[in-house]
Amino acid sequence: MRFPLTSASVSVVFIVADDRTHDFDNLIASFKAGQDGAFTDAGILAGDSTKVIKRIAYGVERGAKAGVRVVLEEGA
């Protein structure tokens with residue numbers, strides 16, 4: 001695999017560690033800096049536009065510790 005990827009599918013799972021109700025659009029907004037910094041600025045993705053990220057899926061699951069799990073797949 002060569003970096004930066006010029007085409008990718010992304011899966012983002014927000015892991016919540018409490019019983020509160022979480023608003024999906026706020027979870028997605030809270031990940032913007034992670035998407036920009038961790039992928040684009042680090043050179044993993046060639047950008048975060050629709051030209052590069054062909055598909056993105058979001059999910060939520062409960063866990064012992066809050067976090068975010070991201071899976072990148074090359075291509076679309």
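Modeller: One term to start: buried means under 20% relative accessible area, exposed over 50%, and partly exposed in between (1.4 Å probe, protein chains only). This is a predicted model: local features need pLDDT of at least 70, side-chain atom pairs count only at pLDDT 80 or more, and totals for chains, interfaces and linings use all residues. Residues are numbered from 1 along each chain as its sequence is written, and side-chain values use heavy atoms, leaving out hydrogens and water.

Biologist: Is Glu 61 buried, exposed or partly exposed?

Modeller: Glu 61 is partly exposed, at 34% relative accessibility. Its salt bridge partner is Arg 69, with the closest N and O atoms 3.1 Å apart. A salt bridge here is a side-chain nitrogen of Lys or Arg within 4 Å of a carboxyl oxygen of Asp or Glu.

Biologist: How many salt bridges are there in the whole structure?

Modeller: Four. Among them is Asp 19 with Arg 62, at 3.6 Å between the closest N and O atoms. Asp 19 sits in the loop between strand 1 and helix 1 (24-30) and Arg 62 in strand 2, so the pair ties together parts 43 residues apart in sequence. Helices (H or I, at least four residues) and strands (E, at least two) are DSSP runs, numbered from the N terminus.

Biologist: New topic. Which residues does Phe 39 contact, beyond its neighbours within four places in sequence?

Modeller: Phe 31, Gly 34, Ile 44, Leu 45, Val 70 and Leu 72. Contact means heavy atoms within 4.5 Å.
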